[in-house]
Amino acid sequence: MIDTHCHLADPVFADTLAEVVATARDAGVRGFVVPSVDVVSSADSVACCRNIRGAVAAIGIHPMWGRFDSRSGMELAVADIASLATGNRDVVGAIGEIGLDPNLLPTVVEDRDRVQDSSGEDAIGRSIDLMIAQMELARWLGLPILLHFRGRVEGAPGPTISFQRLVDVLERFGPVRPGGILHAFSGSDQVASRLRRLGWLRGVAGTVTRPSATRLSEFIAKTPLTDIVLETDAPFIANSLHPRGQVVPADLALVGHAIASLHGVPFEHVIRQTDINAESLFSAGGSRNWRDI
Ligand SMILES: [Zn+2]
């Protein structure tokens, strides 16, 4: 199995990393994609992956971690990600996680005094700029992308970003090569086939293992296995075994079993196909560490 999204460089694993990786291998996980959220954590992901066989770093600036002194500071941060990628091609396997999320929009200090409209449109525009700059970087480097998307502020009114708007932006950008993953995807099937044509796979996380996730389960049941990759988002996205904050890559089998029962096929069948999907995506990225999985 390949965990296409596990935050192994997160401080929560600092003292237990070797054990967490060994337990995951015992559970059948042989490949790990380790995402980052800003320039510092991208360097941490690179360092972390150097010590783990079959691990590659996804480096980039997450929409909720974009804090810049100026607009040129934002561009410089993307340039830092570019030089980290070119200097560490042996372990950098993707750009991510990048994307859109209205919960904490990127800020630029020089913009703070400007009157923001209540829709958050200025900040959403900045978020889109940051995402596109990093997608262009991925295109230039020939690396796949891990994309995070959330459209609403949780539990409170606030700016929203419609899924249709994301799709419009992605369609305007055009096909991603070698491809990308819509991490923890929960969108609708109307647009899924359009996104697939542009090169986007869907990452299925532990949410699908929870009995309450009926809408997502119905959607995953209809999604071809050729369009899916597995992920835990460890330690974050809760599954039927572990709450948020305690998830480990060894939980990946739970996700595989949930998809197998939704599709009515053997577990091994799900793993074989999703491994093919993940392996072809990340081997196209050319990271040397990936050859060791
Ligand atoms: Zn994540």
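Mentor: A residue is termed buried if 20 or more other C-beta atoms lie within 10 Å of its own, exposed if 12 or fewer, and partly exposed in between, with C-beta atoms placed from the backbone. Helices (H or I, at least four residues) and strands (E, at least two) are DSSP runs, numbered from the N terminus. The model is predicted: local features need pLDDT of at least 70, side-chain atom pairs count only at pLDDT 80 or more, and totals for chains, interfaces and linings use all residues. Residues are numbered from 1 along each chain as its sequence is written.

Trainee: Which residues of α4 are buried?

Mentor: An α-helix has 3.6 residues a turn, so residues three or four places apart point the same way. In α4, the buried residues are Ala123, Arg126, Ser127, Leu130, Met131, Gln134, Met135, Leu137 and Ala138.

Trainee: How far apart are the end C-alpha atoms of helix α4?

Mentor: The expected span of a helix is 1.5 Å times one less than its number of residues. For the 21 residues of α4 (residues 121-141) this gives 30 Å, and the end C-alpha atoms agree, being separated by 30 Å.

Trainee: What is the order of the strands in the open sheet of eight strands?

Mentor: Two strands pair if DSSP finds at least two bridges between them. Here the pairing is parallel. Strands β1 (2-3) and β10 are the edges, each pairing on one side only. The order is β1-β2-β3-β5-β7-β8-β9-β10.

Trainee: Which residue in β3 stands opposite Val34?

Mentor: Strand β2 (residues 31-34) runs parallel to β3, joined to it by three bridges. The chain passes from β2 through helix α2 (residues 39-50) to β3 in a right-handed β-α-β crossover, meaning that, with the strands pointing away from the viewer, the path from the first strand over the helix to the second runs clockwise. The residue opposite Val34 is Ala57.

Trainee: How many of the five residues of strand β3 are buried?

Mentor: In a regular strand the side chains alternate between the two faces of the sheet. Ala55, Ala57 and Ile59 point one way from β3, while Val56 and Ala58 point the other way, and all are buried. Strand β3 (residues 55-59) is therefore largely enclosed by the rest of the structure, the buried count being five of the five.

Trainee: Which residue in β10 stands opposite Gly203?

Mentor: Strand β9 has both faces covered, with Trp200, Arg202 and Val204 buried on one side and Leu201 and Gly203 on the other. Three bridges link β9 and β10 in the parallel sense, and with helix α7 (residues 214-222) these strands make a right-handed β-α-β unit. Gly203 has as its opposite residue Val229.

Trainee: Is Pro235 buried or exposed?

Mentor: Pro235 lies in the loop between β10 (228-230) and α8 (252-263). Two residues are in contact if their C-beta atoms, placed from the backbone, lie within 7 Å; beyond its neighbours within four places in sequence, Pro235 contacts His7, Asp10, Val12, Gly245, Gln246 and Val247. Because 22 C-beta neighbours lie inside 10 Å, Pro235 counts as buried.

Trainee: What distance separates the C-alpha atoms of Pro235 and Gly174?

Mentor: Pro235 and Gly174 are 61 residues apart along the chain. The separation of their C-alpha atoms is 32 Å.
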